[in-house]
Every structure is written in structure tokens, then in C-alpha cells.
Amino acid sequence: MKIGIMGTGRVGTTLGRRWAEAGHDVLFGSRDPQSERVRSLLETIGNGVSAAGPQEALRHGEVVVLAIPWNQALRILKEASGLTGKIVVDCINPLTDDFQGIALGFDTSAAEQIALAADGAHVVKAFNTVSTATMEDPVYAGQRASMFYCGDDAEAKQVIGTLAEQLGLEAVDAGPLKIARYLEPLAMLYIHLAVREGWGANCAFKILKR
């Protein structure tokens with residue numbers, strides 16, 4: 001599968017590397033794809049990954065992953081073309097500038113705003129409630145970490161659920177896209193526990209049922 005990843009930070013590079021290892025065709029979108037940092041990243045990951053400008057990455061992917069800051073996402077999408085029919089994965093948490101909270105919540109979400117900007121795309125909220133350490137190794141004491149996702153298109157959600165399972169995560173379908181209004185605050189709880197309560201990145205949510 002062709003996957004375009006917007007962003008070369010920790011989330012984007014971790015997902016891109018692991019999917020490239022699984023045999024997917026990964027292209028990173030970067031404002032400076034020829035920079036020394038990006039070239040070094042590509043050499044480290046290997047497996048045929050490449051980099052180009054943001055709009056080229058958007059065009060490349062059957063699946064487009066948004067792993068960029070919230071304050072960049074809407075602008076990039078509004079400049080984009082050819083997103084109709086693509087799956088857009090929103091990994092973003094709309095943090096405030098001081099990282100003390102989220103800028104949206106409960107009556108809308110970053111995912112819903114992204115869906116409005118990415119006209120014609122199938123937006124799925126995913127990977128925003130797990131750390132990169134969990135993306136790397138999702139198994140805790142023999143149990144897989146849960147990764148919640150939501151969206152309005154059943155086929156798009158199935159694709160993203162499969163991509164999550166390929167990483168070893170337990171993919172949990174949480175329902176329609178508006179459920180992102182709850183997943184984004186859930187991520188803020190994770191950030192609070194991991195950063196302010198000192199749990200660190202090696203912790204994860206797990207949902208159980210019987």
C-alpha cells in the first residue's frame with residue numbers, strides 16, 4: 001500500500017519505519033525533503049522509503065497520515081488537491097500553545113475540522129492516544145495496548161484497523177468520527193499521566209470486556 005506521511009517527527013517516523021518494514025511504500029512529506037536531517041532519516045529507515053514536499057506526499061498516498069502540529073494541518077489541507085477518495089489518518093491532538101490543554105473539545109474536534117478541510121477524503125482518527133514507545137513495542141505484560149480509532153467510512157476504518165494490527169496494537173473501533181471529541185481529551189489524560197505524573201512513555205491504555 002502507498003502511504004504518504006506528513007511530518008518527520010517522532011510519530012511520523014515511527015509509523016513510517018514500521019510500515020516500511022512491513023512492506024508498504026512509504027513517502028514522507030517535509031518542508032525541506034533534501035535537508036541533511038531528512039536524508040539521514042531515510043538512510044536509517046531504509047526499506048525504500050523516500051521524501052518529497054508536503055503536496056507530493058498527499059498525492060502519493062492511498063493512505064495519508066497527518067503527523068504534524070495542529071496549527072499547520074488545516075492550512076496544508078486547504079492547499080491540497082486530489083484528496084477525494086483517499087483515507088486521511090488524523091494522529092493530531094489539538095494542544096494549546098502552552099501544552100496545558102486542548103484547544104477544541106466536546107462540541108467539535110480536530111478530526112472533524114480536518115474532515116471539513118479535506119473535502120472528499122475519508123478521515124479516520126487514530127494513533128493519537130498511544131506513545132511512540134508503544135508504537136514501537138505495544139505489548140505490556142503479555143497484553144497488547146489498545147489503539148482507539150473512529151471514522152464515518154467503514155472501509156476506511158477497516159484499512160486503518162489492519163494497519164494498526166500490523167504494528168501489534170489492539171485496534172478498537174470506537175464509532176463515528178464525532179467520537180474524536182472524546183479521544184482527543186483521552187489523549188490529554190495520557191499526556192498528563194506520562195509527563196506530569198511521571199509515568200513516562202512506556203504506559204498505554206487497555207480496554208477489557210467480557
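User: What percentage of the 210 residues of the protein count as buried?

Analyst: This is a predicted model, in which local features need pLDDT of at least 70, side-chain atom pairs count only at pLDDT 80 or more, and totals for chains, interfaces and linings use all residues. Residues are numbered from 1 along each chain as its sequence is written, and side-chain values use heavy atoms, with hydrogens and water left out. Buried means under 20% relative accessible area, exposed over 50%, and partly exposed in between, with a 1.4 Å probe and protein chains only. By that cut-off, the buried share of the 210 residues is 54%.

User: Which residue in β2 is the bridge partner of Met6?

Analyst: Two strands pair if DSSP finds at least two bridges between them. Strand β1 (residues 2–6) and β2 pair in the parallel sense over 5 bridges. In β2, Met6 has as its partner Gly29.

User: Which helix does the chain cross through from β1 to β2?

Analyst: A crossover is right-handed if, with the strands pointing away from the viewer, the path from the first strand over the helix to the second runs clockwise. The β1 to β2 crossover is right-handed. Its helix is α1.

User: Which residue in β3 is the bridge partner of Leu27?

Analyst: Strand β2 (residues 25–29) has 4 of its 5 residues buried. With strand β3 (residues 50–52), β2 pairs in the parallel sense over 3 bridges, and β2, α2 and β3 make a right-handed β-α-β unit. Leu27 is partnered in β3 by Ser50.

User: Which residues point the other way from Ile87 and Val89 in strand β5?

Analyst: In a regular strand the side chains alternate between the two faces of the sheet. Strand β5 (residues 87–90) has Ile87 and Val89 pointing one way, and all four residues named here are buried. Those pointing the other way are Val88 and Asp90.

User: Which residue in β6 is the bridge partner of Ile87?

Analyst: Strand β5 is joined in parallel by 4 bridges to strand β4 (residues 63–66), where Leu66 stands opposite Asp90. Another 4 bridges join β5 to strand β6 (residues 122–125), also parallel. In β6, the partner of Ile87 is His122.

User: Which element gives the most to the lining of the largest pocket?

Analyst: A pocket is an open set of points, on a 1 Å grid over the protein atoms alone, where a 1.4 Å probe fits, with protein on both sides within 12 Å along at least five of seven lines; lining residues have an atom within 4 Å of a point. The largest pocket is lined by 45 residues, with Val11, Ala67, Ile68, Pro69 and Leu95 nearest its centre. Elements giving two or more residues include α1 (10–21) and α2 (36–45). With 5 residues, the most comes from α8.

User: Is Gln113 buried or partly exposed?

Analyst: Gln113 lies in helix α5 (residues 110–117). Its relative accessibility is 27%, so Gln113 counts as partly exposed.
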